[in-house]
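Open the model in your viewer and get ready to click along.

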Amino acid sequence: MKAKVDQTDCIGCGVCTQICPNAFRLNEQGVAEVYTEITADLELSTIEAANACPVSVIEVEI
Ligand code: F3S
């Protein structure tokens, strides 16, 4: 599975980093990035993070 953040529209709320800290982090600009491969054990929480993002900028590709 692949995931990415459209950083242009991320508002840096940090919800994704709270739900799935093993895949998402805030970078120095204060926007989210995916910093690791989405392994099987991270898939559910990655989808949960994507669904919870208030501006829907996390794209998940299965
Ligand atoms: Fe940004 Fe959405 Fe995460 S706004 S910080 S990608 S929950």
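Here is a walk through this predicted model, one selection at a time.

**Stop 1: helix H2**

Select residues 40-52, which form helix H2. Which residues of H2 are buried? Colour Leu 42, Ser 45, Thr 46, Ala 49 and Ala 50, for these are the buried ones. Why do they end up on the same side of H2? They do so because they cover an arc of only 150° around the axis.

What do the buried residues of H2 pack against? Show strand S1 (2-5), helix H1 (15-19), strand S2 (24-26) and strand S4 (58-61), and you have their packing partners.

**Stop 2: Thr 46, on the buried side**

Stay in helix H2 and zoom in on Thr 46. Its relative accessible area is 0%, so Thr 46 counts as buried. Leave aside the neighbours within four places in sequence, and display what Thr 46 is in contact with: Met 1, Ala 3, Cys 20, Ala 23, Phe 24, Ile 38 and Val 60.

**Stop 3: Asp 41, also in H2**

Next, select Asp 41, whose place is in helix H2 as well. Is Asp 41 buried or exposed? It is exposed, because its relative accessibility is 64% and the cut-off for exposed is over 50%.

**Stop 4: the start of the chain**

Go to Met 1, in the segment before S1. With a relative accessibility of 23%, Met 1 counts as partly exposed. You have already seen Met 1 among the contacts of Thr 46. Not counting residues up to four places away in sequence, Met 1 touches Ile 38, Glu 43, Thr 46, Ile 47, Val 60, Glu 61 and Ile 62.

Pick out Glu 61 from that list. How many residues apart in sequence are Met 1 and Glu 61? The answer is 60, and yet their C-alpha atoms are 5.8 Å apart in space.

**Stop 5: Glu 61, in strand S4**

Keep Glu 61 selected; its place is in strand S4. Glu 61 has a relative accessible area of 51%, so it is exposed. Once neighbours within four places in sequence are set aside, Glu 61 is in contact with Met 1 and Lys 2. Then draw a line from Glu 61 to Ile 38: the two are 23 residues apart in sequence and 10 Å apart in space, C-alpha to C-alpha.

**Stop 6: the loop between H2 and S4**

Two residues of this loop deserve a click. Start with Ser 56, found in the loop between H2 and S4. Ser 56 is exposed, with a relative accessible area of 61%. Look at its backbone too: Ser 56 is not a glycine, although its phi is positive, at about 50°.

Now move to Val 57, which lies in the loop between H2 and S4 too. Is Val 57 buried or exposed? Val 57 counts as buried, because its relative accessibility is 6%. Apart from neighbours within four places in sequence, Val 57 is in contact with Lys 4, Val 5, Asp 6, Asp 9 and Cys 10. From Val 57 to Lys 4 is 53 residues along the chain, while their C-alpha atoms are separated by 8.3 Å.

**Stop 7: the ligand**

Finish by selecting the ligand. Where does the ligand sit? It is in the largest cavity. Of the 15 residues around the ligand, show the ones that come nearest: Cys 10, Ile 11, Gly 14, Cys 16 and Cys 53. Colour the shell around the ligand by class, and you will find 13 nonpolar, two polar and no charged residues.

How values were computed. Residues are numbered from 1 along each chain as its sequence is written. This is a predicted model: local features need pLDDT of at least 70, side-chain atom pairs count only at pLDDT 80 or more; totals for chains, interfaces and linings use all residues. Side-chain values use heavy atoms; hydrogens and water are left out. Buried means under 20% relative accessible area, exposed over 50%, partly exposed in between (1.4 Å probe, protein chains only). Helices (H or I, at least four residues) and strands (E, at least two) are DSSP runs, numbered from the N terminus. The arc is that of the directions from the helix axis to the C-beta atoms. Contact means heavy atoms within 4.5 Å. A residue is near a molecule or strand if one of its heavy atoms lies within 4 Å of it. On a 1 Å grid over the protein atoms alone, a cavity is a set of points where a 1.4 Å probe fits but cannot get out, and a pocket is an open set with protein on both sides within 12 Å along at least five of seven lines; lining residues have an atom within 4 Å of a point. A molecule sits in a cavity or pocket if more than half of its atoms lie within 2 Å of its grid points. Ala, Val, Leu, Ile, Met, Phe, Trp, Tyr, Cys and Pro count as nonpolar, Asp, Glu, Lys and Arg as charged, and the others, Gly among them, as polar.
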